[in-house]
Amino acid sequence: MSAVRELDLSKLPELGFGHAAGVWWAVLGLIAIEGTMFALLAVSALYLRQAAPSWPPAGIPAPAIGAALANVIVLVVSLAPMVWVHMAARRFDARAVVIGLVIGTVLGIAALVLRMAEFHALHVRWDSNAYGSIGWSILGMHTGHLLTSSIENVLIILVMRSPHRQGKHFVDTEVNALYWYFIVGAWLPLSALVFWVPRWP
Amino acid sequence: MSDPDAEHRERLAQTWAPRPGVLGWLSEVNHKAIALRYMVTAMGFFVLAGLLALVMRLQLARPGAHLVGPDLYNQIFTVHGSTMMFLFAVPVMEAMGLYLVPMMIGTRNVAFPRMNAFGYYVYLIGGLFLWVGLALNIGADVGWFSYVPLAGPDYSPGKRADIWAQMITFTELAALVAAIEIIVTTFKQRAPGMTLDRIPIVVWAMVVTSFMIIFAMPAVMVSSGMLALDRLIDTQFFNPAEGGDVLLWQHLFWFFGHPEVYIIFIPATGFVSAIVTTFSRRSVFGYLALVLSLVATGFLAFGLWVHHMFAVGLPEMGQGFFTAASMMIAIPNGVQIFCWLATLIRGRLLFRTPLLFVLGFIVIFVAGGLTGVMLAAVPFDLQVHDTYFVVAHFHYVLVGGAVFPLLGAFYYWLPKMTGRRLSEKLGQASFWLLFVGFNLTFFPMHQLGLVGMPRRIYTYLPDTGWGGLNLLSTVGAFIIAAAVTAFAVNVLWSLRRGAPAGDDPWGAATLEWSTPSPPPTYNFVRIPVVHSRYPRWTPLADPMVTTGLRDDLREVVITSMLDAEPTTRHLLDGPTIIPLLTALAVGVGLIAGIFTPWGFVIGAALVLPCLVAWFWPKGDPARELAEGRA
Amino acid sequence: MSARGRALGVVAIVATLAALSAGCEREARRFKDPATPTQMSRDWLAAQRRGSAGGEAPAAPNPYARNAWAVSEGKRLFTQMNCTGCHASGGGDIGPALADAAWIYGGRSGDVFVSIVEGRPNGMPGYGGRLTVQQVWQLVSYVQSMSGQLRKDVRPGRSDNLYLGQSEQARRAQPSPRLEPARAPAPR
Amino acid sequence: MSVRARLRPARAGAGIALFLAGCAGPHHALDPAGPQARHIASLWWLLFWVALAVLLAVVIALLVAVLRGVATRAHSPREPGVVVTMTERGTVAAVTVAVGLTALIVLSLLTASALVGRTLAGLRSPDALSIEVVGHRWWWEIRYPGAAPSEQVTTANELHVPVGRPVKVRTISHDVIHSLWVPSLHGKRDLVPGHPGEIVLQADRPGVFNGQCAEYCGVEHALMRLLVIAEPADRFDAWLTAQRETPPPPTDPEARRGQEVFLAQQCALCHTIQGTPAGGRVGPDLTHVGSRQTIAAGVLPNAPEHLATWMLDPQSVKPGTLMPASAIMGDDMAALVIYLGSLR
């Protein structure tokens, strides 16, 4: 087909980071979905609150904020190693990625431990009233994300140590960091909603 | 032509070939194969739900009939509605998208072929779950919008409502997967030169729908999740006595429920634009206006959920806003109608079955849209809300607005998908049967609603005087059944006896018609370069095609989002059984999850190894080339 | 291919059918149950007893022990017949607690049936003349669910009123409830 | 003929009796009997004519396209498609006008709807009569609050209203969501647990108007019916006073026996009859059941044979109803029916 001039793609690279990668857009979509879910849970909490005579209901002490505060700090701190991982991934620096991810994962596990304390700090059962139900649901939903994302970190660490590691895995590493940013970012307002809002008159 | 491409074509065929055997069939990841399975499954559910509709019509044909009792009738209307919305309409539209989008934008497969297969299997499991439930007398019986407290633990003992709620989880999961597929594929895999303003309107419609899915579906997942928790572990979300609120359900559900209608309708408008263009033998009038009204509809659709709740008595102020929004949405839809009319008037019509369905669509949909505007008027809505007037209205917009274009689309694209032409005679017969049957069935329902017949009643007393119109409507229902049968016969007949379709039976403008019918697994021998909105109606320009994509690997070209400049050569995943296994694991978890919270733990435990197997790097030299070359 | 598709579908359906076949019994809603006569006559009860070993309780096993709808109907009757007046919501008050493992007059379906129909000394009135056999069995089933004797997926969940402790489905089944009568019932 | 004689056929023909239009008047959204319904009906006619005009316009445009298409039709897909590049001024103008008109119509309908909404909101008056309607599965409890608790009247499935006087109905539900709907008087008002509501009705002419539950509320949603009986003020007051009376103890021996049956059997567990020990709050209050036109929530006419059918085999009349079957036989049943009939 030399008759027509053709557009030669053979020189194109085989990898792209950021918006050049399909998976980056996919994770953005995932973030949109999960973000909407968190937003709707938050709206539901506020809706129940405006309908309630008191929030928390009479007889239930406001949640303790110690663990919540600690967890917010841990999660924010965990951003640092993840940013480091993010940049290392773009350099194809497997060693740096592993180091960063190990730190990030440790912090993630710490957050999960603190999360158990947060559940207790609510001072209410999920089945005693709607206030308890929504509180437990928001915490539970976010815990699920924290857990899966930490597992994902571990998997990527293993992949990075595998002989068959490929360039695309660094792209995956990048979007994994992106998703971690979201999980931390989403928690800040949610934590305020669950632990601080009940303290307001 | 014995071209130098022969060898290239050969290698592509090998590279993109599915695995052999049953296992290979279950490992299929080709977007066309998966989309066809989606379509067949969805049409299967369509027929099943249609049969339920016939049972309902027979029961209501005369007052005080005893064909089915209330308990069974309630399961029947619930499963009919839920199936039509969640197992037919949304999946079949997405199936069309999954089939057409890669072909229309000139790529070889969707962006995440394995996720695509996973989505299909999850959908299939969810659908079977609902229907096996019905067969076992565990059919959901709380209506397709499962209002609490009726659907709550106190008034719906057993697992019927749980099956409904979990079916939602399955189908929404599948819908979200497909939405991501369509968005990413459209954004990143368009043929070089297909800038935003050259994207076919069908693809635009699919993208808008996908975005709506992303922002609407979470609402129903959250609400059905709350319902499941209320029923399984006694949370109090919807218990007024413990600070819960039954209206929270309605807000969340309709925040999804109304966009849902447009999620079904917008792809259909895409089909209409495509068919109108081809069968007027001219470019569509007002491309920009059409695209913008699609987007506007998408946005407005999120602003009118409360018009389903006027009868619960919300503050007048709020109602005003939602009335306005609900009526405003008539404007973008009006724009679309007028652009189509203009195209038809200014074109040279080619009278074939697809065009007939579009003409029928315009009449019926406009009628349905107008009753929609009526329903937006609060005082009038209070009279006809939850009556057969509403039943008539939404069948006019959903059957008229979605099923007519869908059947038109099938008559239009099936020759491409199967390589066989359908019978024109039988096609036109099926159209006229459907058009007459539909109006005979649903027009009288407007009157029934005005004279006081509520929805969801399994019988009525003779003194109501509703018998005559109901009988009429039952007769119409059977004519619709005849129409659907005619369509099915036509398809089956064409598969055996249909004349070969050729690459482009309609002389259409878009890229999918430049492939053979049925298209090869790799779609295009060479990825084309696009210079126009109507590539096949404009003179060729150089460069015509691309070269340099490896044909020994599943390689596609990634282009930039706005102006479709080639950026990378990307490797797509090949066939594997893992998506099926993952779907089964998810299925086990979700189904066990309606009996015990531990079900979810079990599910997670099963899913984890699947995902590891899914993403674990295998020794694959071809891919390791990528190392360090960015 | 589609042939295989159909095969797949059939297999899936059969498998699910097998898995869920228990569902039928749990979900049946018998508004009219031929198995339970409307008329609650002494002879009927006597006939029931003749069949039973102990001679005290009807031989007929509880027909609704696995029927979620019947249990929830029993729960509704329990409130509407004002059983809560004495037994509270299972914790016991004037009358004995029902949410525990202890049974003064026996916890077998038949024992509970007789307790409801004929009443018991020290305050429990007999409802024989006032309830249909079906209603009594529904109440028996609910009473058994209160102490977690029935399958978890048959016991009721929380109700739409004030929170009074864990719902029947959330309660842990009582460790080997002593079903036999603690002592012979006072002669009547 | 004696009640007993009439029982047999009724029991044989259990099932929904063909309750022919006797007491049931026309019940139309388009045949309004009160100001609310009238305003809504007028709004409907406006919407209807506008919609009809728009639909006709579109169909005509479509016909033009088709006829024109028939003239200049393409005969084969091989005829090349044309890509129009220059702007088609005429068509653009036409489409713009059409869109403008659409916006105009939408705006005016919006205004009309808002105005009617305002008018309806204004239709309330201080001297409105207050009534409470409680939705149950699957019947209506209707209360007329009185100065003293003893003054309160509780009845079922029959809403008596004075003609020409606004009635403020308070809507309550304690189980699932129901919806109060009397088409000839007004639109719907949902009875939402935890959200007591209010709706103002008014009947301008005497008559009997059908109502029905309009929100799916479970197995017998279809047969949860209601009668609205609009009477001139004096007759309404007479009715209300009569309802306040506690019925005297039965004198007729049959009726006395019926009362004994009622109190001995399960009836009293669920039903209340003022002036007797029967104080059940589960089912409808039967203090004046004899004065009602229907039983079983508007499903059966209130006649002795239907009463018997209903008590012996309710599940055949309304499958799933919470009314249990009774085993009351022969003479007892006859006496019971006579007693209930005597409660006027």
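**Entry 1: a strand pair in chain D.** I began with D:Asn210, which stands opposite D:Leu227 in β10(D). The model is predicted, and I keep that in mind throughout. I then looked at how the two strands are joined. Six bridges link β9(D) to β10 (residues 225-231) of chain D, and the two run antiparallel.

**Entry 2: the sheet.** Which order do the strands take? I read β4-β10-β9 (chain D), an open sheet of three strands with mixed pairing. I noted that β4 (158-162) and β9 (207-212) of chain D are the edge strands. Each has a single partner, so one side of each lacks a neighbour in the sheet. From one strand to the next, the twist averages 25°. I also checked what packs on the sheet. Helix α4 (residues 233-244) of chain D does, touching β4 and β10 of chain D. The direction of this helix makes about 135° with that of β4(D).

**Entry 3: chain pairs.** I went through the chains next. Five pairs of chains touch, and chains B and D have the most contacts among them. Chain A and chain D share no contact; their closest C-alpha atoms lie 11 Å apart.

**Entry 4: chain D against chain B.** I counted 81 residues from chain D and 81 residues from chain B in the contact. On the chain D side, the elements giving two or more residues are α2 (35-71), α3 (89-122), β7 (189-191) and β9 of chain D. I find the largest share in α2(D), with 17 residues. By class, I get 50 nonpolar, 20 polar and 11 charged residues on the side of chain D that touches chain B.

**Entry 5: chain C.** I turned to chain C and its secondary structure. Chain C has seven helices and zero strands. Of its 188 residues, 39% count as buried. I also looked at sequence separation. Among chain C contacts between residues at least 6 apart in sequence, 67% join residues at least 24 apart.

**Entry 6: chain C against chain B.** Here 31 residues of chain C are in contact with 25 residues of chain B. I listed the elements of chain C that give two or more residues to this side: α1 (2-20), α2 (23-27) and α4 (68-80). The most come from α1(C), which gives eight residues. I sorted the side of chain C that touches chain B into 14 nonpolar, 10 polar and seven charged residues.

**Entry 7: nonpolar cores.** Which residues have the most contacts inside the largest nonpolar core? I found B:Val92, B:Leu98, B:Val122, B:Cys339 and D:Val228, in a core of 386 residues. Helix α7 (residues 201-232) of chain B gives the most to this core, with 23 residues. I then followed B:Val92. Leaving out residues up to four places away in sequence, B:Val92 touches B:Met39, B:Ala42, B:Met43 and B:Leu406. A second, separate core has 28 residues, including C:Val71, C:Val114, C:Val140 and C:Tyr142.

**Entry 8: a helix in chain B.** I checked the span of α15 (residues 424-450) of chain B last. This helix has 27 residues and reaches 40 Å from first C-alpha to last. That is close to the 39 Å expected at 1.5 Å a residue. Just after α15(B), I noted a positive phi of about 105° at B:Gly452.

Notes: Residues numbered from 1 in each chain as written. Chains lettered and ligands numbered in written order. Predicted model: local features only at pLDDT ≥ 70, side-chain atom pairs only at ≥ 80, totals over all residues. Helix = DSSP H or I, 4+ residues; strand = E, 2+ residues; numbered from the N terminus. Buried ≥ 20, exposed ≤ 12 C-beta atoms within 10 Å, placed from the backbone. Contact = placed C-beta atoms within 7 Å. Nonpolar A, V, L, I, M, F, W, Y, C, P; charged D, E, K, R; others polar. Pairing = 2+ DSSP bridges. Axes fitted to C-alpha atoms, helices over the stretch in contact; angles between N-to-C directions. Core = buried A, V, L, I, M, F, W, Y, C linked by C-beta atoms within 7 Å. Expected span 1.5 Å × (residues − 1).
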